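Hello,

Here is the structure I promised to pass on to you.

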Amino acid sequence: MDTTPPIEMVGFDADDTLWRSEDYFHAAQDEFERIVGRYVDLAEAGVLDRLYAVEKGNIAVFGYGVKGMALSMVEAAVDVTDGRIAARDLHRIVQIAKDMLRHPVELLPGVRDAVEAIAAEHPVVLITKGDLFHQEAKVRDSGLADLFRRIEIVSEKDVAAYARLLEEFAVPADRFVMVGNSLRSDIVPILRLGGWGVHVPYHLTWAHENEADDVAGHPRLRQVADAAALPAAIGDIVASAAVATIVEA
């Protein structure tokens, strides 16, 4: 008789799942617009579209995170102003990034209780992407690090990355649940591998993370409104996974 639990591990995303992040990126973008708006008409120059194009093109070079954003903002500012932007304004863009890197970690409501409740029933791991130094600092300052069996900071969250991690964890995909706010980075890759996902939408999402397959109605996907609903969602998945295991047997 197989005594292996139907769900062996639960993974958590970090930014905008456990603590606030995109709010600060949006505030930085607003400040960027104020700076560049002194030189060009924002709408006429298509500033936001041009900034996003630069950021997206630079992901393969700089990766994700505040530092990559700052470098892309500097590049975009020079580009949209035809090099007219003053050094003091470029310095202000750099200062925006420094302020973001120093910003205290703010846990989302109910997160600690939810992670503690799930960790009491299942091994939990943290899987996040972005700048290594900044992500390590946020994990440390969050006060949640001791709850996780493993903390993984990766350069990209795609099918290949999750497949590698699951192999290292020695956990089959169909016995793994990933919790996160991004369909593109947290949910779709795991569903493709045959795992389970719990989507916790955040009120702000970077355009790049919206570029995801439509997985609405997927039988291994659950969606909740906030962290307080996560333990019940995991419990529902455990029950569904147990039934699936019996049927397959």
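About 110 Å³ of space lies in the largest cavity. A cavity here is a set of points on a 1 Å grid over the protein atoms alone where a 1.4 Å probe fits but cannot get out; points are joined across faces, edges and corners, and the volume is the space filled by probe spheres set on them.

Before going further, two notes on the basis of all this. This is a predicted model, in which local features need pLDDT of at least 70 and side-chain atom pairs count only at pLDDT 80 or more, while totals for chains, interfaces and linings use all residues. Residues are numbered from 1 along each chain as its sequence is written, and side-chain values use heavy atoms, with hydrogens and water left out.

By class, the lining has seven nonpolar, three polar and two charged residues, where Ala, Val, Leu, Ile, Met, Phe, Trp, Tyr, Cys and Pro count as nonpolar, Asp, Glu, Lys and Arg as charged, and the others, Gly among them, as polar.

The second largest pocket has a volume of about 160 Å³. Of its 13 lining residues, Leu 108, Pro 201, Tyr 202, Ala 225 and Asp 226 are the closest to its centre. A pocket is an open set with protein on both sides within 12 Å along at least five of seven lines. Eight nonpolar, two polar and three charged residues make up this lining.

Now for the side chains. Phe 12 is in strand S1 (residues 9–12) and Phe 148 in the loop between H7 and strand S3 (150–154), so the pair ties together parts 136 residues apart in sequence. Phe 12 is buried at 0% relative accessible area, and Phe 148 is buried at 9% (buried is under 20%, exposed over 50%, partly exposed in between, with a 1.4 Å probe and protein chains only).

There are 19 salt bridges, each a side-chain nitrogen of Lys or Arg within 4 Å of a carboxyl oxygen of Asp or Glu. One of them joins Asp 89 and Arg 38 (3.0 Å, N to O). Asp 89 lies in helix H5 (residues 87–101) and Arg 38 in the loop between H1 and helix H2 (42–45), so parts 51 residues apart in sequence are tied together. Asp 89 is buried at 7%, whereas Arg 38 is exposed at 56%.

Lys 129 has two contacts to look at: a salt bridge with Glu 156 (3.9 Å, N to O), and a charged end that sits over the ring of Tyr 64, 4.1 Å from its centre. That second term asks for NZ of Lys or CZ of Arg within 6 Å of the ring centre and within 35 degrees of the ring normal. Lys 129 counts as buried at 12% relative accessibility.

Lastly, Glu 31, Arg 34, Arg 92 and Asp 99 are linked in a network of salt bridges.

Best wishes

How values were computed. 1 Å grid on protein atoms, 1.4 Å probe; cavity = no way out; pocket = protein on both sides within 12 Å on 5 of 7 lines; lining within 4 Å. Helix = DSSP H or I, 4+ residues; strand = E, 2+ residues; numbered from the N terminus.
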